[in-house]
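Please have the sequence and the 3D view open as you read.

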Amino acid sequence: MGIIEKMRLDGKKGFVTGGARGIGKSTATAFAEAGADVAIIDVDFAEAEKTAADIAGETGRKVIAIKTDCTDPKQVDDMILQVTKELGGLDFCHNNAGICINVPAEEMTFEQWNKVINVNLNGIFLTDIAAGKYMLAHGGGSIINTASMSAHIVNVPQPQCAYNASKAAVIQLTKSLAIEWAKRGVRVNSLSPGYIGTELTLNSPTLIPLIEKWNEMAPLGRMGKPEELAAICVYLAGDASSFTTGADFVIDGAFTCF
């Protein structure tokens, strides 16, 4: 099989958490364009349904929507059952759901800290383990976790200690699971995006004043686009990346190089 064929995802089944918008929507679209059937997982079911219908219409693939709170173990387990039943299996997943609260550390409440850690780390853990258990029992698979360049640097000027800590933990969780499952057919990798111009970011009253500063600091002078992360995710989901596990892919336009 040639490299182009290995980049295809024909016949594969997968899901994307936080898939209704932004990065998740972009990678879900790319998975379907590469031939996979995909489940859009999100707490916003109405938006997830719309995204699923749009991707299915554009690609001709089977795309379903499932409402899931990834911090709830039962909902995550039920989601895996529904994905594998409706799609007929599970070969890959992109665990992408996440939040950020920009509050100075001395003003951050324990509730705010826990909210970020619960979604960004506990949610990744729960979806990793639930998907991993299925894959271990059914011949293997590929898990992709969304970390962040914030796992490697401290972002400025916005204060976001909980987010930075949670994303650093995602990378170490990724490496830990990759080692535990390496000889059992399940690969685990992470993606560390830089500043990405999603619709939510570009229209956020809190973030709009920061965008000009970020662009001034960026070597490429701009934010990334969600679709600029999609190719690496397609690579990681498929057979072309069979020797790739435990890796973190920083896609940040060289932002963390200095």
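A pocket, as the word is used here, is an open set of grid points, each a place where a 1.4 Å probe fits, with protein on both sides within 12 Å along at least five of seven lines. Keep in mind that the model is predicted. Its largest pocket holds about 1300 Å³ of space. Of the 45 residues lining this pocket, G98, I99, C100, L200 and T201 are the closest to its centre. Which elements give two or more residues to the lining? They are α2 (22–33), β2 (37–42), α6 (161–181) and α7 (199–202). Sorted by class, the lining of the largest pocket has 20 nonpolar residues, 20 polar ones and five charged ones.

Now turn to the strands. Seven of them make an open sheet with parallel pairing, and you can trace the order as β3-β2-β1-β4-β5-β6-β7. At the edges you will find β3 (63–67) and β7 (248–251); each has a single partner strand, so one side of each is left without a neighbour in the sheet. Going from one strand to the next, the twist averages 15 degrees.

For a look at one pair, pick out β5 (residues 141–146) and β6 (residues 186–193), which run parallel and are joined over six bridges. Within this pair, S142 stands opposite R187 in β6. Helix α5 (residues 110–137) packs on the sheet, where it touches β1 (13–17), β4 (92–95), β5 and β6. The direction of α5 makes about 175 degrees with that of β5.

Definitions and conventions. Residues are numbered from 1 along each chain as its sequence is written. This is a predicted model: local features need pLDDT of at least 70, side-chain atom pairs count only at pLDDT 80 or more; totals for chains, interfaces and linings use all residues. Side-chain values use heavy atoms; hydrogens and water are left out. On a 1 Å grid over the protein atoms alone, a cavity is a set of points where a 1.4 Å probe fits but cannot get out, and a pocket is an open set with protein on both sides within 12 Å along at least five of seven lines; lining residues have an atom within 4 Å of a point. Grid points are joined across faces, edges and corners, and a volume is the space filled by probe spheres set on the points. Helices (H or I, at least four residues) and strands (E, at least two) are DSSP runs, numbered from the N terminus. Ala, Val, Leu, Ile, Met, Phe, Trp, Tyr, Cys and Pro count as nonpolar, Asp, Glu, Lys and Arg as charged, and the others, Gly among them, as polar. Two strands pair if DSSP finds at least two bridges between them. Axes are lines fitted to C-alpha atoms, for helices over the stretch in contact, and angles run from 0 to 180 degrees between N-to-C directions. Contact means heavy atoms within 4.5 Å.
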